Amino acid sequence: MDKLNHHFFISSGVAGGIPIGCIITNEEETNNFREGVKLLCECFPEKCCLLQNGPLIVMSDDDLKKREVLSEIWLNSTYLLCQFHVLKAVWQWLMNSENKILKEHHQELYFSFKSLMYAETEMQLKELLQNMLDNNTVRKYDKFIIYLSKLFSKKQLWCTYHRKMVLTRGNNTTNYVESLFKVLKETILGRVKAFSLVQLLDFIVTKFEKYLHSRYLDFSFGLYNKKLVKRFLPDDKGIIQNIRSLNKDNTYFEIDHHFVDLESSICTCFVGMNGKLCKHLSAVILKQNKQSTFVYSLESRKLMYEVGYWKKIGFK
């Protein structure tokens, strides 16, 4: 298995990551990956959004070659970097002896960059950057300043501020991918690496498929880990009472000077503008008794049942 490279394409959902495809190659070459993505696209139905416009957002680590391949095929997608992998890369750069960063300065430089990553406004981002460049510790390392400038030139890929209007649903890392890889390695493959290509393929399309089938059905029947879906559970704490519907279909609401679009589960507040569940959306769902596939509800359970069984159901 060490000689085989496998790439999972995973869509995020209330029940966790949903694998939509996998590419297995024996060589780490760009052309192999490109052909694999093209073959994967041929497996999707003609009306699938992945064939027409591509996924809305593609989040990955900083593998430039793979992102270039995907951008050639999915021209209309928005490409983002996993914030965890960016921070990991910065820490590894600081730890690299070739860069000659003193050990006692590692954490200070790391947390300075981390504050840039989580800046919520453009003004805050500029102030933090200026403070960082004026810092005496930072000014000691010209190499770090050059490295920082290269990272900052692609800040739209990793900075929280630039994700305000991007429908990430609160996902800023590839945790869903890491979680499924852990399941595959520990539960399905039993921490054994000595698999041939045929064996690995067999485990993925049989044993792994059965695991996912069982997992989605458990979710649809209400058997879920509350800690895993906590951020998808509408919260009734500090509930807001003044809710006003703005259209006849009762899909657009005004609440506490913010507007909630129930169909897309988006709110105009800072927390909910990228599709993450906020207190305003929670209030609409709970007080108006509405359903949404983007939070834990009857609709999302129904959707996971359909994914698990690969068929539509008609109950309401």
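Buried means under 20% relative accessible area, exposed means over 50%, and partly exposed lies in between, with a 1.4 Å probe and protein chains only. At 16% relative accessibility, R169 therefore counts as buried. This is a predicted model, in which local features need pLDDT of at least 70 and side-chain atom pairs count only at pLDDT 80 or more, while totals for chains, interfaces and linings use all residues. Residues are numbered from 1 along each chain as its sequence is written, and side-chain values use heavy atoms, with hydrogens and water left out.

**Overall architecture**

- The chain's secondary structure comes to 12 helices and eight strands. Helices (H or I, at least four residues) and strands (E, at least two) are DSSP runs, numbered from the N terminus.
- The C-alpha trace spans about 65 × 55 × 35 Å along its principal axes.
- The chain has 316 residues, and 41% of them are buried.
- Among contacts with a separation of 6 or more, 56% join residues 24 or more positions apart. Contact means heavy atoms within 4.5 Å.

**Nonpolar cores**

- A nonpolar core is a set of buried Ala, Val, Leu, Ile, Met, Phe, Trp, Tyr and Cys residues joined through side-chain atoms within 4.5 Å.
- The largest nonpolar core has 27 residues. Within this core, L94, F113, F144 and W158 touch the most other members.
- The elements giving two or more residues to this core are α4 (83-95), α5 (106-117), α6 (122-134) and α8 (142-152).
- L94 touches I101, H106, L109, Y110 and F144, with residues up to four places away in sequence not counted.
- Another core lies apart from the largest one. This other core has 23 residues, among them F8, F181, F208 and M304.
- In soluble globular proteins, nonpolar side chains tend to be buried together.

**Packing of α10 and α12**

- Helix α10 (residues 197-220) packs on helix α12 (residues 298-309) at an angle of about 155°, and their axes are 8 Å apart. Axes are lines fitted to C-alpha atoms, for helices over the stretch in contact, and angles run from 0 to 180 degrees between N-to-C directions.
- α10 and α12 are therefore roughly antiparallel to each other. Angles under 35 degrees count as roughly parallel, over 145 as roughly antiparallel, 65 to 115 as roughly perpendicular and the rest as oblique.
- Their crossing is left-handed. That term applies if the near helix is turned anticlockwise from the far one by less than a right angle, and right-handed applies if clockwise.
- From α10, H213, Y216, L217, F219 and S220 meet S300, R301, M304, Y305, V307, G308 and Y309 of α12.
- By class, this contact of α10 with α12 has seven nonpolar, four polar and one charged residues. Ala, Val, Leu, Ile, Met, Phe, Trp, Tyr, Cys and Pro count as nonpolar, Asp, Glu, Lys and Arg as charged, and the others, Gly among them, as polar.

**Packing of α1 and α3**

- Helix α1 (residues 30-42) and helix α3 (residues 64-73) pack at about 40°, with axes 10 Å apart.
- The crossing of α1 and α3 is right-handed.
- T30, F33, R34, V37, K38 and C41 of α1 meet K65, K66, V69, L70, E72 and I73 of α3.
- This contact of α1 with α3 has six nonpolar, one polar and five charged residues.

- R169 is not a glycine, yet has a positive phi of about 55°. R169 sits in the loop between α8 and α9 (175-188).
- S265 is not a glycine either, and has a positive phi of about 55°. S265 lies in the loop between β7 (258-261) and β8 (266-267). S265 is buried, at 1% relative accessible area.

**Selected residues**

- G13 belongs to strand β1 (residues 5-13). G13 is buried, with a relative accessible area of 16%.
- G13 and T293 are 280 residues apart along the chain, but their C-alpha atoms are separated by 8.7 Å.
- Neighbours within four places in sequence aside, G13 is in contact with Y176 and F232.
- F259 lies in strand β7 and is partly exposed, at 31% relative accessible area.
- Leaving aside neighbours within four places in sequence, F259 is in contact with L246, Y252, F253, E254, I266, C267 and T268.
- K279 lies in helix α11 (residues 279-287). At 49% relative accessibility, K279 counts as partly exposed.
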